[in-house]
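Subject: Structure handover

Hi,

Here is the structure for you to look over.

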Amino acid sequence: MMIPIKEIRKKDLPKVGEKAYNLSKLNSSGYLIPDGISLTEDIYRNFLSETGLIDKIRMELARRELSAMRWEELWDTSLRIRNLFLRTEIPEKIYRELFRGLSEYEGLPVVVRSSAPGEDSGNSSFAGLHESYVDIEGVDNIITHIKLVWASLWSDRALLYRKELGLDPWKSSMGVIVQNLIKGDVSGVAFSRDPTDKDQMVIEAVPGLNQDLVDGKVEPERWMIDTEDGSIKERYSSSNSTTLLNEKELEILHSTLKSLHAEYGFAVDLEWTLKDNKFYILQVRPVTTLTKEGEEERLWEKEDKRPWYRSLTKSFDTLKEMQRRIEEEILPDMEKAAAYMKNMDISSIDNLSLSKEILRRIELYEKWHNIYWQELIPFAHGVRLFGKIYNDTVKPSDPYEFTELLKSDNMISVTRNRSFLSLIKKIKDDPVLCEKLKNKIFDDTSLDFWESLDKFMHHHGNSSYRGDSLLTNKKDVLRLILNMADTDIDFEEECKDISHLENKFLSAFKIDQQNFAKDILNLARISWRIRDDDNIYLGRLESALLDSVNQGKIRLSINEKVTPYTVAMMLADPDHSPKVSDDTKSSPFSSKDKQKRNKLIKIATIDKNSEMRMRKFTGQPAGPGIGIGKSRVIQNQEDVFQFKKGEVLVCDAIDPNMTFIVQFASAIVERRGGMLIHGAIIAREYGIPCVTGIDNATEIIETGVTLVVDGYTGTVTIKET
């Protein structure tokens, strides 16, 4: 079940995978490759069956249809599966076989690569989807990284790609290559055809090892080479230093690319390194492109968001630069824009000016909405990167243990919720004031409370929820405060000591890696906070847009739902008659989204009777603990203010703008799934049991039924009354 790469033959291809077989072909053709050994997919399959791991993976993927999973859920599922691989011991018989076959690499630096059967064929390329590890030493360490390569078969990106190609993940398997590490003087990648110009080749090079180039950390020196004669058409370099490759070396690479292209019959992408004037080929695979020529950049707006999902993974250095831009530029600019609009007196301007202001706010909202998808959401990968590193080093029993280190008192929603709680405490501590407010008696004794309420409304009232401004109606807010004051509330904040977790994480790193460990932890904490804050910033901009639209609707005496664009047109032209096409002029409230939502509700309603006979639903475990209580289904703003302490909050998705009620919930159930959605984040902040990813949750669960929410297993049960 372990074959030296140079001894691999065609008959071994189904067991060793294309990558290992291609290396053997290269060797047979006279190309220089690093010595190494191939672990067949039999070892992987035996490991799964003998440990029972295959059944646990099936349970994870049975929670929800893969096609229905959002990017957060895919990340979560792959994280849990990865943790299963890390914590599952290799059976003794398999371990002895691995140890015996790998013993010759003890004390030598190696590369551990994937070689999945069906990977990197002429019809598909899994480049970058499965893991590779460089500079690994020690047999036990190699074996650990073999397990991580196996686990990468179930990564979110690999699952998405298999779905895209119509491949059954249960029929997929994983071979592994272990090769001597060649510490080249110069390394790079080369393409026998430029994907944008078939008449030229592309060669890229960086000093030293290839890993930084593959990870996108280093800008390479790049040559555009004529396909036929090998002449240099263009050269790009970010520095003015001496060229990394001379003409003779470029000629060798050109000749190699030309020969391999002819031999394989299609464009190839090869990874190479130059050591002591010798070229080693590290791997070769077909050139494929995942995005079609001319495809638009705004991939998140497409029906199929898989290409966008794949773009979310960022390197640590890229995330650090994103952090700087977000903290120093994006969020301050969003805040300034929202503050400027909030302080504008739109009631005093004429109709034409109001029309122009609405159109300006639509454009402004769309601008920041796109930046939110382009930069703020991808920055959430900082949390995932830290989670992966934490689990790889600490190997905790709970794959989400790392989130305990990320909790933040500086979240805007937590700060707002604390202010809301203080208003409740003022009334609860003063029974006389409470009674007067209930009876609508407002005198000098209540001035302090009203000042506090006004201050709260001023700071937190500029938010929106489902297309309506939230926390703007003082009567609604007061009614909710009075209702909560009649319940038992613990006003003491629990301060959980997490120093032992931080020490456990940091102690897993060597002295020279301590600064990196601290940096990645700090980055993750900022990423976690901003993942919750970003929607509040965006909500303030949406609220400003809604304020101007509502002002226009008042002037036009319009009560029904119409788009901001329609209101602007009617203000500018009293004879304007709204058309269906008007709905497409404003993305925040587009008719397309409404049609999708209505279709979903219609389907859910048709299936409602059969669904309601089910008493148990399985989703994603997002907040540990078990919560029991009456359900409160949140469909609109009115439902938010009907919420009572101790109820189970059931919603499509918790918006950070309405989490001031979440702190009073006994549990949370959401349709949207994943640890990085706002409901899961706030649930972890308050220690509330949470289950996400329950399909059509607001349709199959009615307000008032008793729910048992198990945040450990991800199940929600309707309790018999």
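Asp534 comes first. Its relative accessibility is 0%, so Asp534 counts as buried. Asp534 sits in helix α20, residues 514-556. Beyond its neighbours within four places in sequence, Asp534 contacts Tyr372, Leu376 and His678. Please keep in mind that this is a predicted model.

Setting aside residues up to four places away in sequence, Phe660 touches Arg416, Asn417, Phe420, Leu470, Leu471, Leu480, Val640 and Phe641. Ser413 lies 247 residues from Phe660 in sequence, yet the two C-alpha atoms are 7.3 Å apart.

Now the salt bridges. A search of the whole structure gives 40.

- Glu73 and Arg64: a salt bridge joins them, with the closest N and O atoms 2.6 Å apart. Both residues are buried.
- Arg82 and Asp392: their side chains form a salt bridge at 2.6 Å, N to O. This pair links distant parts of the chain, with Arg82 in helix α5 (residues 71-87) and Asp392 in helix α14 (residues 381-394), 310 residues apart. Arg82 counts as buried because its relative accessibility is 9%.
- Arg360 and Glu357: here the closest N and O atoms of the salt bridge are 2.9 Å apart. Both residues belong to helix α13 (residues 351-379) and are 3 residues apart, about one turn of the helix. Arg360 is partly exposed, at 32% relative accessible area, whereas Glu357 is buried, at 8% relative accessibility.

Salt bridges link Glu321, Arg324, Arg325, Glu328, Glu329 and Glu375.

On the surface, look for a patch of negative charge. Glu106, Asp135, Glu137 and Asp140 gather there. Of these, Glu106 lies in the loop between α6 (92-102) and β3 (110-115). Its relative accessible area is 47%, so Glu106 is partly exposed.

Asp443 is partly exposed, with a relative accessible area of 26%. From Asp443 to Leu433 the separation is 10 residues in sequence and 9.6 Å in space, C-alpha to C-alpha.

Best wishes

Technical notes: Residues are numbered from 1 along each chain as its sequence is written. This is a predicted model: local features need pLDDT of at least 70, side-chain atom pairs count only at pLDDT 80 or more; totals for chains, interfaces and linings use all residues. Side-chain values use heavy atoms; hydrogens and water are left out. Contact means heavy atoms within 4.5 Å. Helices (H or I, at least four residues) and strands (E, at least two) are DSSP runs, numbered from the N terminus. Buried means under 20% relative accessible area, exposed over 50%, partly exposed in between (1.4 Å probe, protein chains only). Patches are made of residues with over 30% relative accessible area and no salt bridge: like charges are joined within 9 Å, nonpolar side chains (Val, Leu, Ile, Met, Phe, Trp, Tyr) within 5 Å. Accessible areas come from the Shrake-Rupley method with a 1.4 Å probe; for residues, only the protein chains shown count as cover. A salt bridge is a side-chain nitrogen of Lys or Arg within 4 Å of a carboxyl oxygen of Asp or Glu. Lys and Arg count as positive and Asp and Glu as negative; His and the chain ends are not counted. The place of a charge is taken as NZ of Lys, CZ of Arg, CG of Asp or CD of Glu.
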